[in-house]
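Here are my notes on this structure, point by point. Please keep the chain open beside them.

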Amino acid sequence: MAELKFDHIYKRFAENVAAVTDFNLDISDEEFIVFVGPSGCGKSTTLRMIAGLEEITEGSLYIDGDYVNDTPPKNRDIAMVFQNYALYPHMDVFDNIAFGLKLRKFKKEDIKARVKNASHILGLDDYLQRKPKALSGGQRQRVALGRAIVRNPKAFLMDEPLSNLDAKLRVQMRSEIIKLHHRLKTTTIYVTHDQTEAMTMASRIVVMKDGYIQQIGKPRQVYLYPENTFVGGFIGSPSMNFLEGTIRNQHFWFNEHVPLKIPEKRFHDLRQYDGKTITLGIRPEDLHEEQAFLDKMQKSKVNVMIDIAEITGSEAVLYTNIGNQEIRAVVNPWRNISQGDQLELGFDMRKAHFFNPDTGVRIK
Ligand code: ATP
């Protein structure tokens with residue numbers, strides 16, 4: 001069992017450096033939690049507080065119900081996997097994986113059995129005699145994982161473990177870590193600034209900014225119902241489009257000439273904003289240029305000129321400007337749209353998000 005509870009946790013490095021502010025979170029056994037956010041948002045500091053590598057300024061941390069603020073790292077029964085692998089260059093793979101067990105005076109046979117089991121799970125059987133310098137980046141990261149696995153700890157903490165790998169290997173290791181989690185079910189807390197990693201790996205995501213939690217939720221929930229403009233813009237790629245405008249007569253007006261009709265169901269929540277300024281958020285995939293859509297959505301389309309058309313293979317990203325704001329649309333790549341083309345973009349207003357323009361908070 002490994003359940004973690006963060007109760008009003010604060011971390012201040014100096015009087016004026018608040019790295020983490022009022023962090024509250026309950027993590028259940030077997031969860032795969034991802035802390036995600038831009039550089040400096042406090043994710044690593046939070047992880048280091050769990051490991052006991054950073055003192056907690058205020059608040060309480062519990063592991064399986066025990067108050068652990070003052071428990072030394074070695075007594076927390078938690079294994080950490082770092083970005084730079086932290087392998088010993090003079091030891092071979094076997095000894096690197098076995099290191100922590102030897103330190104804890106495990107019996108020789110037990111060490112052998114555990115290393116064998118871990119190397120089997122991680123596909124390292126043929127490399128046990130090699131030194132780290134004779135391994136690829138992905139293999140080194142597997143050794144670092146092996147070192148965590150053999151200890152059979154209560155929880156794994158992973159701090160950007162894939163960021164030193166090339167893009168293809170990163171995707172491969174991503175699924176290997178997920179499979180590993182399915183197999184071992186050990187509670188895992190994983191830190192990344194990469195929203196794709198967060199979306200694909202997490203059972204729950206914790207989105208952070210400037211030391212504050214912005215939203216906690218399942219990937220789908222965070223994607224479909226971002227609680228503020230920061231989360232809406234951070235999660236999803238290409239990122240959500242935002243337009244400032246006014247609500248009038250059940251329409252969103254971003255200028256005097258082109259109203260976008262708000263479906264009845266959505267308008268219900270927006271009545272009190274009638275006549276007021278509001279921020280509309282719409283994901284690039286909810287903008288459409290297909291004729292069938294445009295015919296159906298007569299009252300929610302805008303004429304645009306394409307600035308850039310990027311074809312990624314499976315999709316095309318169109319960049320344009322509406323009301324002085326850059327807008328991105330993801331469309332079918334086979335339509336052969338290019339720079340300078342004029343076309344109509346339809347807004348799927350059923351999927352629109354609305355935010356308070358001053359606070360950025362979602363309007364339910
Ligand atoms: P990154 O993705 O760049 O690693 P992060 O989200 O993990 O960023 P942290 O490393 O947790 O962010 O840092 C949070 C804030 O605390 C930052 O403003 C950072 O400068 C500050 N900070 C971190 N460690 C220290 C320290 N030892 N002394 C002073 N300030 C620190």
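1. Domain bounds here come from an automatic or database domain assignment. On that basis the chain splits into domain 1 (4–234) and domain 2 (241–355). The model is predicted: local features need pLDDT of at least 70 and side-chain atom pairs count only at pLDDT 80 or more, while totals for chains, interfaces and linings use all residues. Residues are numbered from 1 along each chain as its sequence is written.

2. The C-alpha centres of domain 1 and domain 2 lie 39 Å apart. Four residues of domain 1 are in contact with five of domain 2 (contact: C-beta atoms, placed from the backbone, within 7 Å). On the domain 1 side, the touching residues are one nonpolar, three polar and no charged. The classes are as follows: Ala, Val, Leu, Ile, Met, Phe, Trp, Tyr, Cys and Pro are nonpolar; Asp, Glu, Lys and Arg are charged; the others, Gly among them, are polar.

3. The UniProt annotation "domain: ABC transporter", from an unreviewed entry, covers residues 4–235. UniProt positions follow the numbering used here, feature names are shortened, and annotations may be inferred rather than shown by experiment. The span 4–235 is 37% helix and 27% strand, and its end C-alpha atoms lie 25 Å apart. Helices (H or I, at least four residues) and strands (E, at least two) are DSSP runs, numbered from the N terminus.

4. Four strands form an open sheet in the order S2-S1-S4-S5, with antiparallel pairing (strands pair if DSSP finds at least two bridges between them). Strand S1 (residues 4–14) joins S2 through seven bridges, in the antiparallel sense. Lysine 5 stands opposite aspartate 26 in S2.

5. Which residues surround the ligand? They are Phe13, Val17, Ala19, Gly37, Ser39, Gly40, Cys41, Gly42, Lys43, Ser44, Thr45 and His193 (near: C-beta atom, placed from the backbone, within 6 Å). Helix H1 (43–51) and S2 each supply at least two shell residues. The largest share, three residues, comes from H1. By class, the shell has four nonpolar, seven polar and one charged residues.

6. In helix H2 (residues 93–103), Val93, Phe94, Asn96, Ile97, Ala98 and Leu101 are buried (20 or more other C-beta atoms, placed from the backbone, within 10 Å of a residue's own; 12 or fewer is exposed, in between partly exposed). Their cover includes helix H3 (108–122) and helix H4 (137–149). Just after H2, lysine 105 takes a positive phi of about 60°.

Methods:
Two residues are in contact if their C-beta atoms, placed from the backbone, lie within 7 Å.
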